[in-house]
Amino acid sequence: MEALSEETREQLGRIGAADVVLGIPTFNNRETVGRVVETSLKALANHLAPQRAVIVNADGASKDGTPEHLHEVIGEKVPLVQIRYPVYPVRRLSAPLVGVPGRQEAAGALFLLAKQLGARVCAVVDADLDSITEDWIDRLVSPVLDDGVDMVVPCYRRHKFDGMINSGIVSPFLRALYGKRLRQPAGADLSFSARLVDFFAGQESNSNGNEPSFVDPWNTIPVICNGFRIGQSFLGPRVVHPREVSPDLSDTLRQVLTIVFDPLDRTASFWQRVRGSEDVPSFGPPPEVDAGNTEINVKRMIDSFRLGCQDLAGVWNLILPPATLLDLRRMLRLSDTDFCFHDDVWARTVYDFALGYHLRVIGRDHLLKALTPLYWGWVASIIKELQDSDAEAVEQRLERLSRQFEMQKRYLISRWRWPDRFSP
Amino acid sequence: MSNQVGGIFSQASARIAKGVADFLPGLLAFILVFAVSILMAFIARRMIRSFLRGIDFDQRVRHWGFTELAEWSPAHSPSLFMAGLTYWLIILIGILIGMSAFDASVTQELVLRLLNYLPHVLAAILIVTVGFFLARFFARSVLISAVNMQVQSARLLSLGVKWLVMLLAGAMALEHLGIGGGIVELSFGILFGGIVLALALAVGLGSKDMVSRSLERQAGRSADEEEIAGRFHHL
């Protein structure tokens, strides 16, 4: 992390200290940052007035005048600190999942400033949100200030078919392995306590060029494994400004699963001891699922699965054991009407890929991208099942899936400890 | 007369005896060097076999995807293959060094030429090995990407890429070995150019219907993918 400039130090000296730091990472977000900032200012004035608040803008060298526009909107209403964060070439190679490219470096810059200001809470919101309301800031910050939570992850109101990677892989996987029932662990708008900011800032200063950096604040795994208190806040619908470039599905899967599978080695002693799962503190109104009925043609998804079975069999043979391959072959023979991807098979498939990632049976990028046709198969199956379901039925269905992941955890532990016994 | 014949025989015998006497030390030296090289080869084979077994080389080779190496190896064990390869290499070097003990300029020249050729052989082996690695990597990348894009002929594309890279590596290796000379270059150029031209013609003329159907499917797939990735987000 670059040292603070003289100008930034002077600004910090003038500000002194703050209770709340609201971080807004930006990278060419001129069109949307104004709305985000105006809403944030209202939230700070109406809901968090007693707190000393500072807005910190970490910008990755925007070319559209985003920092200037942000400065213009804020004016003198709230202290503002603007800092540059480096966007390394490797971060530009693929489109980011959410937020700005190089968001880890942006977070590092925000945490550094939050620590300098002695802030009790640091909240981070995306600059391209179209649906942000005043309540968002309050619901992210108050649990940290008032309830002793170290990290608040968001829970958005989503359509039942939104966030399938989250519903089908990330949430049940993290629940089974790390024992926390987080509805949407891969959220973008978060808040952190001072204790957690110190932890992340310490991680970054310890990481060197040889070890993979553990500093990805959007990853809840290190937070859970290091005993911090994690909660979730219901924020409402999340609508972002459409981007010019979004990652395609296989790249999205690769990025997400890298974040989820990478820590498995380091945290093996933790997740192998966890039994069952528990609820985390929830804030805000009860979460809602938009169960509006939408006709989606699943035929192409099923065809994608079949094409994968046909052409990627050689690759899957290196990753999946014979029992799982047999189940997939059985599914291949099903008609479109009868097509079904059972929860236990899906859970074991995800675990097999996690193990394959750990053992490096093939190149990791290839391994993660090879999951795409299987993911399409699962999505097709779940869409067929939930096409006409209401919100409660959707919740129950996803709960059954999560329980299946918990039940199959023994399978993962056995294969992890004795890979030769189960090797494909 | 008989004295002359006897004298000729004794001179001939003396020349033969001298020739044998000149040859014998070289032969003894060759046998000694050969025996030492066999002993060293034996020791090296044992050491390499136990080292490779210690680092679980057979399992690692399978994990790296070199299943063909495992299949071609004796007893399907790449460790045994590498140990055996080292064994015979040391014996071969021992023979070459032993041959230099003979005081024969032809033999010495042969040994020198073989030793000069050895770096080219090693470079060719390296080129083929790297080519093999790259061919597998590119083939797998193309296969997975094509399947994810729902291209029906994904396997064919992958195979084509694999063989193109292997052909390129093979041609470069043969050029290093000095085998075939201009014929290899010309053949490769014709083959490669022919493949590229055929692909261009297929896309431009012969397969335009197939391409347009594939593009329609792609657009249709994109429209359907947008149903879930445009209206809905996967993450």
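What is the mean pLDDT of chain B, and what percentage of its residues reach 70 or more?

## Confidence of the model

This structure is a predicted model. The mean pLDDT of chain B is 81, and 81% of the residues of chain B reach 70 or more. Among the elements of chain B, helix α6 (residues 154–177) has the highest mean pLDDT, 89, while helix α8 (residues 208–229) of chain B has the lowest, 60. For the complex, the predictor gives an ipTM of 0.82 together with a pTM of 0.80.

## Contact between chains A and B

Contacts join 31 residues of chain A to 20 residues of chain B. On the side of chain A that touches chain B, the elements giving two or more residues are α6 (164–178), α9 (249–261), α11 (299–311), α15 (364–369) and α16 (372–386) of chain A. The most is given by α11(A), with five residues.

By residue class, this side of chain A comprises 16 nonpolar, ten polar and five charged residues.

## Domains of chain A

The domain assignment of chain A gives domain 1 (6–287) and domain 2 (299–422). Taken over C-alpha atoms, the centres of domain 1 of chain A and domain 2 of chain A are separated by 30 Å.

Between these domains, 24 residues of domain 1 of chain A are in contact with 23 residues of domain 2 of chain A. On the side of domain 1 that touches domain 2, the elements giving two or more residues are α6 and α9 of chain A. The largest share of that side, ten residues, comes from α6(A). The residues of that side of domain 1 of chain A divide into twelve nonpolar, eight polar and four charged. Both α6 and α9 of chain A are also listed among the elements on the side of chain A that touches chain B.

## Two residues with positive phi

Most residues other than glycine have a negative phi. Asn28(A), although not a glycine, has a positive phi of about 55°. Asn28(A) is placed in the loop between β1 (20–26) and α2 (30–46) of chain A. Is Asn28(A) buried or partly exposed? Asn28(A) counts as partly exposed because it has 19 C-beta neighbours inside 10 Å, and a buried residue needs 20 or more.

In chain B, Gln150(B) has a positive phi of about 60° and is likewise not a glycine. Gln150(B) lies in the loop between α5 (105–148) and α6 of chain B. With 21 C-beta neighbours inside 10 Å, Gln150(B) counts as buried.

Methods: Residues numbered from 1 in each chain as written. Chains lettered and ligands numbered in written order. Predicted model: local features only at pLDDT ≥ 70, side-chain atom pairs only at ≥ 80, totals over all residues. pLDDT = per-residue confidence, 0-100. Helix = DSSP H or I, 4+ residues; strand = E, 2+ residues; numbered from the N terminus. Contact = placed C-beta atoms within 7 Å. Nonpolar A, V, L, I, M, F, W, Y, C, P; charged D, E, K, R; others polar. Domains from an automatic or database assignment. Buried ≥ 20, exposed ≤ 12 C-beta atoms within 10 Å, placed from the backbone.
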